[in-house]
Amino acid sequence: MFDVRKRGGIAALLAGAALAFGGAAQAQETFKVGIVTFLSGQAAQSFGVPAWDGGKVLIEAFNNGTAPAPYDKKGFGGMEIVPVVIDEAGGATVQVQEYRNLVQRENVDVVVGYVSSGDCLAIAPVAEELKKFTILYDCGTPRIFEDASYEYVFRTAAHATQDNVGLARYLKAKGVEVSTYAGINQDYAWGHDSWADFTAAMKQVYPEATVSAELFPAFGAGQYGTEISALLQARPDLIHSSLWGGDNQALILQGLPRGLFQRSQVVFSAGDHAMPPLGANYPEGVIVGARGAYGYMAPDTELNRWWTKLYMDAYNVIPVQAPYRMAQALTGLKLAVEKAMEANGGKKPTSEELAAAMKNFSWESPAGLIEMTNGGGHQAIQPIAFGRSMKNDAGEVVLGDIVRFPARCVNPPADMKGIDWINAGFPGAQCD
Amino acid sequence: MIRVFGLAALGAVLAIVAGALAPAWLVFTMTKAIAFGLVALGIVGLMRGGLVSFGQGLYYCAGAYVSGLLAARFGVSEAALLLLIGAVTGAAAAALVSPLIARYRGIFFAMLTMALSMVLYGVLAKATPIGGTDGFNVPRPSFGGWTPGPESADLALYVVAVVFAAVAAALCRLYYDSGPGLVALAARENELRVEYLGASVFTVTQRNFILAGGLAGLGGALNGMALGHVDPFFSYWTTSGEVVFIAILGGYASAVAVFGAALIVELVRSFSGQYFPESWQLFLGIFLLLVIIFLPRGFGSLWAKRATGAKGAGE
């Protein structure tokens with residue numbers, strides 16, 4: 001009897017010790033972030049890898065406490081950030097499974113990820129069901145918050161509407177004359193949506209202009225001989241393209257010797273990331289968008305200077321859209337975690353507390369002010385910029401003639417769908 | 001027959017107990033493995049006749065889309081009903097294709113099935129009203145009128161999946177061991193001789209192909225429900241290729257091995273993706289190579305071979 005009681009006492013002691021150690025461990029808590037982006041496949045080199053490159057140096061800077069204010073607290077509110085990286089390749093089927101593994105097996109605190117719109121559409125309802133705070137950092141489709149509403153899902157980048165609305169506005173602002181225009185876009189949702197947005201926006205901004213050719217080469221086609229012939233024959237004033245990555249580079253390299261860029265004004269709605277790899281081979285006079293005020297077109301703020309230096313020191317190349325979009329997700333997440341910790345007395349925030357902190361939140365990212373105003377406070381709007389490729393004094397091809405549009409000039413108001421807003425003639429747009 | 005169903009029931013009970021004890025992420029992975037296993041089971045049926053289809057994605061996708069659309073647009077939510085609809089859709093699509101496809105053999109058969117699945121991919125990718133390449137979301141199913149909460153939904157679907165898989169595996173076993181089923185094995189050895197013996201290789205192939213289509217449709221409907229999302233990628237050739245791999249790993253000797261093979265592939269892929277995010281394909285590839293080198297007849301040969309050996313010794 002005595003023996004048992006003694007043992008019970010030891011057990012209690014042990015339990016107490018465990019509690020004490022548990023408590024000590026809690027003071028040095030870690031914050032696990034699941035990061036999902038393309039590390040293999042077509043979107044890896046253009047988006048996934050540079051995005052994670054950016055995320056890596058940024059998380060390191062956060063953990064060391066070397067970021068400038070208001071990001072100067074170590075980690076997330078003192079908690080060390082531990083990233084768990086997953087490859088986005090394999091389609092929505094694999095991604096739903098890996099998302100569940102991140103949440104249910106790895107017990108990550110939040111998930112930040114997804115470049116592909118299909119993956120975002122598939123993940124959002126799963127995140128909602130598992131009640132896990134999730135940030136979609138890149139994907140473009142407006143459908144996510146236009147077709148559904150979520151408690152736990154946020155997108156910290158503006159959806160694709162602004163890419164083409166901003167482009168049409170840029171053309172007008174720069175006095176580009178357009179009476180005929182053509183489009184070459186990939187034959188999948190992104191290409192079709194981009195073209196639909198652009199033609200709708202052109203109808204508002206250039207009501208007289210007509211479409212002379214619509215081309216939809218397959219995604220990843222790589223060979224554009226026939227399309228270039230068709231475009232040369234149609235002789236439009238303007239050629240619109242939302243091609244990205246290898247497709248975009250292939251079109252440029254194949255179109256250059258055939259004079260495509262001399263004959264028509266070419267606009268790439270999201271083509272900035274092809275500039276560093278092509279370097280001096282990049283044609284001059286192309287109008288380029290980046291899906292935000294990124295890279296060459298980023299605002300000249302202290303934060304952006306710090307971020308650009310951080311990235312360039314590590315990789316010796318200018319950060320373009322992908323790392324910026326990752327940075328705006330991670331900066332927003334950091335401030336949201338710290339805001340939630342202020343509200344709950346310094347504990348590690350739950351998904352509910354994070355969602356409450358992120359809803360309608362706004363923060364200064366390297367690319368300017370991100371405001372979670374749309375989709376019931378879950379969808380960001382942000383400023384966007386466009387420029388024209390030209391040689392600088394050092395002979396490098398960079399972007400000049402930059403025009404920056406405020407977020408409310410190129411994004412629909414909170415209660416309107418993107419395409420309806422364009423077709424209604426941009427009601428409520430604030431462009432000054 | 002009683003023995004086969006008895007074994008299937010026992011297996012199902014064990015699988016359900018394992019599911020109840022397993023962590024939530026594993027339950028989901030097991031459900032997905034069952035779905036892929038069902039598709040692979042159909043390929044195993046074809047493999048017994050010496051054919052490999054690289055286009056089961058077509059029937060898999062057809063089952064997923066038809067049951068998914070019925071659930072998303074027309075409010076049909078009964079899990080068992082949606083699974084049956086998926087199976088019927090897959091079988092019907094295969095029946096439509098089978099008179100053409102059953103004439104071909106070898107690489108022509110493989111390429112033609114793959115081409116047809118890519119046709120469906122192309123059509124769905126352009127079908128903007130149902131989401132184009134992005135696909136659409138499928139609501140959670142109900143079970144006999146009961147809609148479980150998020151905590152028990154995964155397990156409920158898993159239980160239904162296990163029951164369907166057990167029945168499918170048992171029926172396949174019975175069919176494989178029956179006269180018409182065994183003709184496939186003979187056709188694999190020598191088609192000409194089978195024809196001279198009075199059996200039609202064409203009919204056998206057609207029958208196996210429709211069976212495979214039905215199983216693929218069943219798997220597609222199941223995966224659509226489990227994932228909550230379907231997209232044209234279901235019909236892409238890489239999806240079909242993945243299932244062929246599972247079928248090869250399982251081997252055609254056993255009807256149960258494919259489910260194990262599917263689960264192992266899923267787990268190896270998931271964990272190598274977790275620990276080697278930048279080079280997981282390398283690890284998956286090495287694993288698959290090792291299995292092919294050391295178990296050329298698949299996991300199923302581990303026990304199926306021994307069983308035949310014992311039988312041979314007894315006779």
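**Reading side chains, rings and helices**

User: Where is the place of Gln382(A) in chain A?

Analyst: Look in the loop between β13 (379–381) and β14 (384–391) of chain A; that's where Gln382(A) has its place. Those labels come from DSSP runs, numbered from the N terminus: helices are H or I with at least four residues, strands are E with at least two. Before we go on: this is a predicted model, where local features need pLDDT of at least 70 and side-chain atom pairs count only at pLDDT 80 or more, while totals for chains, interfaces and linings use all residues. Residues are numbered from 1 along each chain as its sequence is written, chains are lettered from A and ligands numbered from 1 in the order in which they are written, and side-chain values use heavy atoms, with hydrogens and water left out.

User: Is Gln382(A) buried or exposed?

Analyst: The cut-offs are under 20% relative accessible area for buried, over 50% for exposed, and partly exposed in between (1.4 Å probe, protein chains only). Gln382(A) has a relative accessible area of 1%, so it counts as buried.

User: Which side chain does the side chain of Gln382(A) make a polar contact with?

Analyst: A polar contact is a pair of N or O atoms within 3.5 Å; within protein, one must be able to donate a hydrogen and the other to accept it, and residues adjacent in sequence count only if both atoms are side-chain atoms. Here the partner is the side chain of Gln328(A), at 2.8 Å. The Gln382(A) side chain also reaches the backbone nitrogen of Ala158(A), at 3.0 Å.

User: What is Ala157(A) in contact with, leaving aside its neighbours within four places in sequence?

Analyst: Contact means heavy atoms within 4.5 Å. With those neighbours set aside, Ala157(A) touches Tyr137(A), Arg325(A), Gln328(A), Gln379(A), Ala380(A) and our friend Gln382(A). Ala157(A) sits in the loop between β5 (153–155) and α6 (161–173) of chain A, and it is buried at 0% relative accessible area.

User: And Thr134(A), where is its place?

Analyst: Strand β4 (residues 134–136) of chain A. Thr134(A) is buried too, with a relative accessible area of 0%. Its side chain makes a polar contact with the side chain of Tyr99(A), at 2.6 Å.

User: How many aromatic pairs are there over all chains?

Analyst: A pair of aromatic rings is described by the distance of the centres and the angle of the planes. Rings of Phe, Tyr and Trp (its six-membered ring) pair if their centres lie within 6.5 Å; planes under 30 degrees apart are stacked, over 60 edge-to-face, and the rest tilted. By that rule the count is 33. Take Phe145(A) and Tyr150(A): their centres are 6.1 Å apart and their planes at 75°, so this pair is edge-to-face. Both Phe145(A) and Tyr150(A) are buried. Phe233(B) and Tyr236(B), with centres 5.4 Å apart and planes at 10°, are stacked. Phe233(B) is partly exposed at 27% relative accessible area, and Tyr236(B) is partly exposed at 24%.

User: Which ring does the charged end of Arg100(A) sit over?

Analyst: A charge sits over a ring if NZ of Lys or CZ of Arg is within 6 Å of the ring centre and within 35 degrees of the ring normal. For Arg100(A) the ring is that of Phe28(B), with the charged end 4.2 Å from its centre. Arg169(A) lies over the face of Phe426(A), at 4.5 Å from the ring centre.
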